[in-house]
Amino acid sequence: MPLHVIYVEDSQRDFDGLDEAVRKANVDRPKWSEVKLTQVRHPSLLPTALSVYPDVVLADVYFLPEGSKPPAPDTDHLDDIIRHVREWDRQPDSQHGFPTPIIAYTSKGEGVLKDCLKRRSNLYDIWDKLSAGTDYVAWRFQQLAAELPRLRPDATMQRLIAAMDPGNTPPWHNFILKLVRQYGEGQTEREQIRECRNPIQSTIDRAVGDCAPALMELWDAMIYSEPLLRAASPRLRGIGRHSINVFWFGYWLINHPQLRAQWSFLWDSMLKQRAGLTSLKTPSVTPTVGLNAIWLLASLFHDAGKFHEFGKATTGRFSEFYGKFTALGMGRATWTAGKPDVLSERVKGVLHQLSANADDPMVMGLQAHILNCSKTEKPEHGTVAAAYLESTICASTKQPISKDYAREAARAMLLHSCLPAVMDKLLEDAPKDHLRLAWPSDPIACLLLFCDQVQTWDRHDQDGEKLDYPDRAELAYLDVEQGSDKTRPCLKGCIDYIAPSRVNMYPRLRQDIKEALNNVILNKPKKVLRQIISQDTWPFTVHLDCALSGEKLDIGMDFA
């Protein structure tokens, strides 16, 4: 990830020396891994300087008292620096929610270093200028860029959301900002997801109205079932965190000012191709409001059916455990399979929307896949989530607009998980481009496929033979620039796969993981996105680097 360091330093010579070392270390490094150094000449200027959301504060310790001039003596200002930074961390304008790391950096000798140690509970580290030269500090900054994502997950995405212009966002943006802050305040993944519940409910209340209670029941089921799913497979983890990050990624894209024209075109194009959605075809439902409401549902709940998909496997683990105590006569867990065609019936309306032709190859392929999954007692998770929206939300809401939001979200949820499973077969039988999704007809489904593949956390050894593969993936850098073809913007960024810290201690293991990740990325997200989405319909070009804990991989993701 890029690292922005505020250096509180009144000596221009000291700042320039470190800045030169940092610039030298940045040479030949990709933009997403560069270190940026900003000078703040006095601690009293910190309250304003912190508004740029720095990653780290590097603090000299001794300064002239505010308003004084030489020959007045320098005094210890470290407590002032700590106070300013912590006050900033606590105020509402600091949306990330986690404490900003402070590193004391002094040349005053052993006595001052001991004084710094007395404040160590508020410091990330203490460096001695006399022994830690500028080249060393520049190197440590690069190490920090790889270390910090392990301590504060998803900080880059939180910062991007916090910095968004409210004028380019939907009416419920304030609830999204609260979601970012609550997520950042959690010290563990469990705390992060628990703290997010209230802002998520407030957002849904504001965006889609009377169906919020039923949707929050689905959210609770998804979150509370996650520990149980791990009994079926250790790979089934991070579902809540993943869903929130998929939402944030798409939310940032939908509301980016440089993409406004593209999303407006896609919204109008989608509505023209839908026979229904009449409540959305009114001037009061702008592209910003409509796209954001549908995206909220599709992204947060796209994996909500995982518990049903792995229900038999989970129950099997419980049965195996309880079977060891059958002599006590205390009962055991059992799995009761549903009728195979029930799920297909629940989403019949969604499939009919895709095509009214009963012999449409895509619809037939999806129907066969959904039915086959149910017959094997592993109901397809995206279809389960879509069926919940169709049977529960659409049936219970009294607001036509909420029903249309839910139906369009259900369509995207079903397509995002079913199409990757059936596309190989579809293209083998009928290699025609109309079988692929197109952004103008399915902008939310295409966006969900894209964000889900980019943000997926399980890019690790599929056979479970190696335990040191990345714990998760996160966006380390993201920006929209003018495209090289001058007609479409270009989305540039980096996906960083965060490996356990111990991997850095074993160069051979790290190399093995890099090679495996290159293969997995080539065969999963790149293949899925190229195969499913028509390449000539992308509203923006994409260039994403991939990295393993900050180290660039050989392969990236490019789509045009």
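**Helix packing and a parallel sheet**

Helix H8 (residues 189–208) and helix H10 have axes that come within 10 Å and cross at roughly 50 degrees. That angle makes H8 oblique to H10. The model is predicted. H10 (residues 239–254) also packs with helix H12 (residues 287–300), where the axes come within 8 Å and cross at roughly 160 degrees. Elsewhere, 5 strands form an open sheet with parallel pairing. The points below take these parts in turn.

**H8 with H10**

- The crossing of these two helices, H8 and H10, is left-handed.
- From H8, the residues in contact are Glu189, Gln192, Ile193, Cys196 and Ile200, and they meet Gly240, Arg241 and Ile244 in H10.
- By class, the contact of H8 with H10 consists of 4 nonpolar, 2 polar and 2 charged residues.

**H10 with H12**

- Two packed helices are described by the angle between their axes and by the distance between the axes.
- For H10 and H12 the angle is roughly 160 degrees; angles over 145 degrees count as roughly antiparallel, and H10 and H12 are therefore roughly antiparallel to each other.
- H10 and H12 cross in a right-handed sense.
- On the H10 side, Ser243, Ile244, Val246, Phe247, Gly250, Tyr251 and Ile254 take part, and they meet Leu291, Asn292, Trp295, Leu296, Ser299 and Leu300 in H12.
- This contact of H10 with H12 has 9 nonpolar and 4 polar residues, and no charged ones.
- Ile244 of H10 is listed in the contact with H12 and also in the contact with H8.

**The sheet**

- The strand order in the open sheet is E2-E1-E3-E6-E7.
- Strand E2 (35–40) and strand E7 (125–128) are the edge strands, each pairing on one side only.
- On average, neighbouring strands of this sheet are turned by 25 degrees against each other, with direction ignored.
- Strand E3 (residues 56–59) and strand E6 (residues 102–106) run parallel and are joined by 3 bridges.
- Val57 stands opposite Ile102, which lies in E6.

**A helix on the sheet**

- Helix H4 (residues 110–117) packs on the sheet and touches both E6 and E7.
- The direction of H4 makes about 175 degrees with that of E7.

Technical notes:
Residues numbered from 1 in each chain as written. Predicted model: local features only at pLDDT ≥ 70, side-chain atom pairs only at ≥ 80, totals over all residues. Heavy atoms only, no water. Axes fitted to C-alpha atoms, helices over the stretch in contact; angles between N-to-C directions. Helix = DSSP H or I, 4+ residues; strand = E, 2+ residues; numbered from the N terminus. Parallel < 35°, antiparallel > 145°, perpendicular 65-115°, else oblique. Left-handed = near helix turned anticlockwise from the far one by under 90°. Contact = heavy atoms within 4.5 Å. Nonpolar A, V, L, I, M, F, W, Y, C, P; charged D, E, K, R; others polar. Pairing = 2+ DSSP bridges.
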